Every structure is written in C-alpha cells, then in structure tokens.
Amino acid sequence: MLTSMRDMTQPAAVLSWIHTWHYTTSAVIGRLLMEGKDNGDKLAANLLRRMVKQNWLRQVDNDALQGQYVYMLSPDGLEEVLASGAGSRGIDYDLKPASIRHDTLRHDLGVQFIVAHQSNRNAISQVIPESVLRKTRPVGKIPDAVMMLDIAGNQQARVAIEFEREEKAGDRLERFLWNVASDLAEDQYDLYMIYSRIPGIMQNYERAAKGPLRIWKKNPQSKRWEEQGKKTIPPEILARIRFRFLPELSAALSPCL
C-alpha cells in the first residue's frame with residue numbers, strides 16, 4: 001500500500017516499498033523519496049546504508065548492475081514492517097538473497113522506477129507487482145505492475161504498467177498489442193501505460209497500434225501461431241493506451257550510481 005507513504009518517515013517508507021517489491025536500489029529510492037533534489041541518489045544511498053547499519057536491511061551484491069548494490073529486508077526489517085502494518089497484502093517475503101532473480105533484475109528495477117516516478121505525480125493508493133498478480137492469474141500475459149490511482153470524486157483508476165526494455169517486432173509486437181487491447185476492452189484496466197528508455201521503441205509501438213494489425217491464433221495441434229486476418233484497434237480502446245519515453249530509466253539502470 002502507498003496510501004500513507006508520504007506521511008511515513010523515510011525509513012518506514014523504504015521498508016514498506018521493499019516489502020512490496022522484494023528488493024530495491026538507491027536509484028529507485030532516490031526517485032521515490034527525493035525527486036527534484038540534485039543529490040537525491042546520493043542521499044538515498046546514505047539512507048539505505050544507515051538502515052543496513054541499523055540491521056533493518058541487507059546489502060546484496062550482484063553482477064547485473066556491476067557494482068550497484070540491491071537492498072533486501074533483514075529479519076529485523078521484516079519484523080518491523082509487519083509489526084507496523086505497513087506491509088503489502090499477499091506478500092510472502094523470502095529473506096534469502098538467493099531468492100532474487102538476477103536474470104530479470106534490470107527489467108524489474110525499471111518497473112520499480114516507473115512506479116516510483118508515477119508516485120511523485122499521482123496519488124497512488126495501491127501498487128501490485130507482477131509477482132503478486134501472477135498468483136491470481138497463473139497463465140497468460142499480465143502487466144509488469146498495476147497501480148490504483150486516486151482520481152476526482154473519490155474514484156480510482158486501475159492502471160496497468162509495462163516496461164519494454166527490449167523492442168518487440170512483427171508478430172510478437174502484434175500479439176502484445178492485441179493482449180493490451182483485449183484487457184482494456186474487457187475493462188480489466190482503465191488505462192495501460194507502456195514505457196521505454198528508448199524513444200524509437202515507443203514511436204514504433206504507437207505507429208503499429210494505430211494501423212491494421214494481424215490477428216494471431218495458436219493452433220492447438222501444432223502449437224504454432226497462425227494469422228487470422230487483419231483488424232484495427234478501436235479508437236476508444238486506443239485512446240486508453242499511453243506510450244511513454246522515460247529517459248531517466250537509463251541512469252537508474254546504470255552501474256555507476
């Protein structure tokens with residue numbers, strides 16, 4: 001939950017964030033708590049180091065970021081976040097450093113950075129990462145995260161987040177866009193926000209989404225994808241898809257922080 005994060009002390013906000021996401025970095029915490037400060041990343045790194053000394057966090061080395069540490073909860077930190085009630089629902093927190101998936105670490109940190117970025121611009125009452133969403137939808141494509149945005153009139157918007165670290169093309173891109181359009185048509189989400197740190201990727205995606213797309217169906221016998229004609233995403237669905245270029249993602253995933 002992010003409802004009261006702005007009212008929390010910085011250590012409490014960090015504990016709550018890590019309980020939701022499993023681990024984090026100083027770049028993400030800098031964007032979450034200290035956006036707009038020239039030395040925000042350095043301040044965040046100092047805060048995390050102090051929390052390690054307090055035995056609330058565990059510092060974990062990794063190869064993916066080449067020198068930038070990731071931070072997990074320690075047993076004391078987990079006890080603190082659960083006792084305070086700041087933990088997220090549906091989280092069975094694994095304290096073992098070996099539980100971190102280093103093969104997806106850069107992608108997953110990109111998703112964290114996007115949500116932290118959004119939290120500085122919108123009132124987010126809840127964020128659900130892919131790992132929690134997968135428990136209720138074990139098969140099929142699901143977003144990288146879902147945010148509940150507080151909007152006017154005490155209403156909420158359910159926003160799906162997708163981070164495209166590498167570009168999809170051809171039938172992979174078409175199937176991806178149809179999955180997004182289908183989720184929106186079924187009102188699973190009110191809005192779908194797709195991010196990249198490379199402007200050309202978002203330009204290509206938006207261009208493709210506006211034109212006719214091939215429809216693909218998997219043959220149950222051969223297990224191969226077969227073309228089933230072409231169709232255009234309806235305008236009212238296309239209007240609920242946002243393609244966003246976020247250049248700060250490059251710095252957040254660099255090894256030099």
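Helices here are DSSP runs of H or I with at least four residues, strands are runs of E with at least two, and both are numbered from the N terminus. This is a predicted model: local features need pLDDT of at least 70, side-chain atom pairs count only at pLDDT 80 or more, and totals for chains, interfaces and linings use all residues. Residues are numbered from 1 along each chain as its sequence is written, and side-chain values use heavy atoms, with hydrogens and water left out.

**Stop 1: two tryptophans.** Select Trp17 and Trp21. They are four residues apart in helix 1, so about one helical turn separates them. A search of the whole structure finds three aromatic pairs. Trp17 and Trp21 form a tilted one, 5.6 Å centre to centre with 35 degrees between the planes. (Rings of Phe, Tyr and Trp, the latter by its six-membered ring, pair if their centres lie within 6.5 Å; planes under 30 degrees apart are stacked, over 60 edge-to-face, the rest tilted.) Trp17 is buried at 1% relative accessible area. Trp21 is buried too, at 10%. (Buried means under 20% relative accessible area, exposed over 50%, partly exposed in between, with a 1.4 Å probe and protein chains only.)

**Stop 2: two tyrosines.** Jump to Tyr189 and Tyr192. This aromatic pair is edge-to-face: 5.8 Å centre to centre, 90 degrees between the planes. Tyr189 is buried at 4%, and Tyr192 is buried at 1%.

**Stop 3: His19.** Go back to helix 1, residues 10-21, and pick His19. Is His19 buried or exposed? With 3% relative accessibility, His19 counts as buried. Leaving out residues up to four places away in sequence, His19 touches Leu73, Leu78, Val81, Leu82, Gly87, Ser88, Ile91 and Tyr93. (Contact means heavy atoms within 4.5 Å.)

**Stop 4: helix 1 against helix 3.** (Under 35 degrees is roughly parallel, over 145 roughly antiparallel, 65 to 115 roughly perpendicular, the rest oblique.) Show side chains: Gln10, Pro11, Val14 and Leu15 of helix 1 meet Leu47, Leu48 and Met51 of helix 3.

**Last stop: Lys168.** Centre on Phe176. The charged end of Lys168 sits over the Phe176 ring, 4.6 Å from its centre. (The test: NZ of Lys or CZ of Arg within 6 Å of the ring centre and within 35 degrees of the ring normal.)
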